[in-house]
Amino acid sequence: MRSPGELGARRDAAKQLKVLMPSCFHRLSISDELAGHLDAGNGGDDTALPMALVVNSFGKVWQVEVGRDGGGAFLGPGWPEFVAANGFGVGWFLVLRHEGRGVLTVKAFDLTCCLKESRGLQPSTATRSNRYGSHKPQFIKVLLPDFTEKMLIPPAFVQRYVSEAQQSSKMAIIASQFGKFWPIEVNKDGSGMFLAGGWSQFLAFHGISEGDVMLLRYEGNMVFKMKVFGLNGCQKDLKGRATGTQQNTERQKEAHLCRKHERSSGKEDRRPKGSLSSSNKGSRKKRRFCSLENGERPSIKKEMNTYSVKIFLSLATTFCDLIGLVGECTITLKTSMKSTKCWQVGARRYKNYGYLGGKRWKSFCMENKIRAGDVCTFHIVEAALWHVVITHNSDRIG
């Protein structure tokens, strides 16, 4: 039996989530926190090259050197052999956990989002144990905008581990990492099983936002335990709260500025030409432009963060209402109105927010070298045509 000290050490173990890219097959960058735990596990001897004992889900061990360079800490010699022996592929998720004394366990989730160790095992035998704990069926999901109201349980996971009787269940229970149990309504259609009713409230209470990655471990009888990792790959310390995340705060600030401008302007304008709303029949409400910049047409200034660049750019509902953004549509972005170059970017409006996102939004950011800290000002020429003025952070500092 483990001592209380050992149990406490396991609870405080450093964890990190990684997505395997081609460059990760040669060596894997790790956080300074995780590297520090590995250093301590090797006795803190600065004269010796730290060595990690990397353990796969079956309990087999590889020796891997821990190195450092200008880019930070990484798993080096021995890592390529570990990856090849376990058959990892591009796009897989890895969850690394320091177990103490230089031991690093690795859970791998393949493209079905299921824990690789559990694949092929019958539900009755899927729970296996080794000296580093139980490996129950697990799956991993990135929280995309479409999953904020309901989230699909991976069909491959349902097929392997959820019995037919349980698939008819109307309710699932999720246990968060600080011990609270949440009932979530389960919906089912031709696409599969969804966590639906109560899901958005669950996310908001725990401060789980788009781009976060959720790891759910199946305890049986539609009961799941959950851990959450942020965009930086580190496990989030979930604190129950009624309000949302940084992006919710940004949307509230943006909406406040819109309302403030409306009160101070004291005049009404018409919507931009080509409004995106599907129908205005029966509505005679007058609308004003939300202009955060001086000018006749609406515009909005956004300071970009990691989420804005890599996931999506949030838009306040006030702003969406003013330009008539309803449902899904395509926005044409141009960085110069004199040029024919443009980007067709997907936009979508939900009840509580709107956003620009998708692969084409990422391409727009990449091709224009937009990074966190840069400022983009969107001038609404027409409802579906936006002129974007980009101010790079380096230009502002200079």
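Modeller: Contact here means heavy atoms within 4.5 Å. Keep in mind that this is a predicted model.

Colleague: Which strands cover the buried residues of helix 3?

Modeller: Helix 3 spans residues 79-86, and its buried residues are Trp79, Phe82, Val83 and Asn86. Seen down the axis of helix 3, these fall within an arc of 95 degrees, so they line one face of the helix. What covers them includes strand 2 (28-29), strand 3 (51-55), strand 4 (61-69), strand 5 (72-75), strand 6 (93-100) and strand 7 (103-109).

Colleague: Which exposed residues does the face of helix 3 turned away from its buried side carry?

Modeller: Exposed means over 50% relative accessible area. On the face of helix 3 turned away from the buried side, the residues that are exposed are Ala84 and Ala85.

Colleague: How many bridges join strand 4 to strand 5?

Modeller: A hairpin through two residues links strand 4 to strand 5. Asp69 stands opposite Gly72 in strand 5. The two strands run antiparallel, and the number of bridges joining them is four.

Colleague: What arc do the buried residues of helix 6 cover around the axis?

Modeller: In helix 6 (residues 199-206), the buried residues are Trp199, Phe202, Leu203 and His206. They lie on the same side of helix 6, because the arc they cover around the axis is only 95 degrees.

How values were computed:
Residues are numbered from 1 along each chain as its sequence is written. This is a predicted model: local features need pLDDT of at least 70, side-chain atom pairs count only at pLDDT 80 or more; totals for chains, interfaces and linings use all residues. Side-chain values use heavy atoms; hydrogens and water are left out. Buried means under 20% relative accessible area, exposed over 50%, partly exposed in between (1.4 Å probe, protein chains only). The arc is that of the directions from the helix axis to the C-beta atoms. Two strands pair if DSSP finds at least two bridges between them.
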